[in-house]
Structures are given as C-alpha cells and as structure tokens.
Amino acid sequence: MMRFPFTEQFLWDVYQTVEGLNDFHRALAPRGMREAMNPELRQLRRTYEKRRSAQQFSKLVYDLKRRGVIKIQGEGVLLTSKGREEALRIRWKLAECQKRNDGKMAMVMYDLPEKQRQMRDIFRSVLVCLGYQEFQKSVWVSKKKVEHETEEAIREYNLWEYARLFIIKEIPV
C-alpha cells in the first residue's frame, strides 16, 4: 500500500466517515453533543489531532475549506461535490489492484461530448489512477483486476450512456 500525503489521507478518512454515517451534515461536527452521538467522528478528530498539533489541524481544515473541498455550515463540516470527487480519486489511488492471472484485460471505450470536457478529463485521470494505459484515443486497457472499480467510476460519474467496459482476451497473431 502506498503512502499518501496527510491531507489526502485526511480527506479520504472524512469521506469514509461521511459515507459510513450516510449523513453529510454530521461529518466532523465540533466537540459536543454531535460527537457524543457519533463516536466515529470523535475518534477521527482525535486521531488527526494526535498526528498533528491542534493548530496544524486547524490549518488543514482551513486549507480544505479554501480549496472548496469542504464547507463549514452551522456547527458542522460538509464535504462539497468537489471534495467528494477528490476523495473518490484518492480512493481509486489507494485501491490495491492485482494483476490478472487469466491473460485477460479490462478495456474501457468512451465518447463524451465536447460539452462534458471536464468530466472527460476527470474520468481519464481516474483511469490512470486505476492503472489503465491508453491503447488509442478514448480506448484504455489494463492488465489489472479493476473492472469493479471501473464500473463504480462509470456509475459514480453517470457515464453509462457514453462509456463501455469489456473484459477481453488478446489473441496473438
């Protein structure tokens, strides 16, 4: 497993906590009643405050807010859509993808319209994180077991209309 910068690891842990609670409004609530009701949040805060001083932790939260990754609302901290996308990219980077033993490859073909250029760039970066290599324009292949993660990315970004995932076998000539 590769090591990630403190900020990326923190953002990924926030995402996991939020997804686990299934309620963005309770994520990283300040000390008090909300944390008492959500021990996972209290533990997450303590873990990061132990690894960094309280001042450094505050700077981390401030930086994520400035970058538009989180948003302070009332007493809580919300993960923005940009923050969710960044956390998912981190998740795919963290994924331990094993090499396939069956001689097959995952192949993704996609054709996103020009008006979705930003989404195309995001999807391409996800494919790179998953270990895909560009075979030709808009056709990517990987010799790793990444079909589940690829399907998840296609579903997460709602690209079923534009992208197809195949498991293929190369036939030597």
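Buried here means under 20% relative accessible area, with exposed over 50% and partly exposed in between (1.4 Å probe, protein chains only). Side chains in a regular strand alternate between the two faces of the sheet. Strands (E, at least two residues) and helices (H or I, at least four) are DSSP runs, numbered from the N terminus.

A note on my source: this is a predicted model, where local features need pLDDT of at least 70 and side-chain atom pairs count only at pLDDT 80 or more, while totals for chains, interfaces and linings use all residues. Residues are numbered from 1 along each chain as its sequence is written, and side-chain values use heavy atoms, leaving out hydrogens and water.

Next I looked up the partners of E5. Strand E3 (residues 104-110) pairs with E5 in the antiparallel sense over four bridges; two strands pair if DSSP finds at least two bridges between them. Methionine 109 stands opposite valine 139. Strand E4 (residues 133-136) is also antiparallel to E5, over three bridges, and there glutamine 136 has valine 139 as its bridge partner. E4 and E5 make a hairpin with two residues between them, and serine 138 in the turn has a positive phi of about 65°.

Then I turned to helix H6 (residues 117-129). Which of its residues are buried? I found Arg120, Ile122, Phe123, Val126 and Leu127. They lie on the same side of H6 because they cover an arc of only 165° around the axis, taken from the directions from the helix axis to the C-beta atoms. Just after H6, glycine 131 has a positive phi of about 95°.
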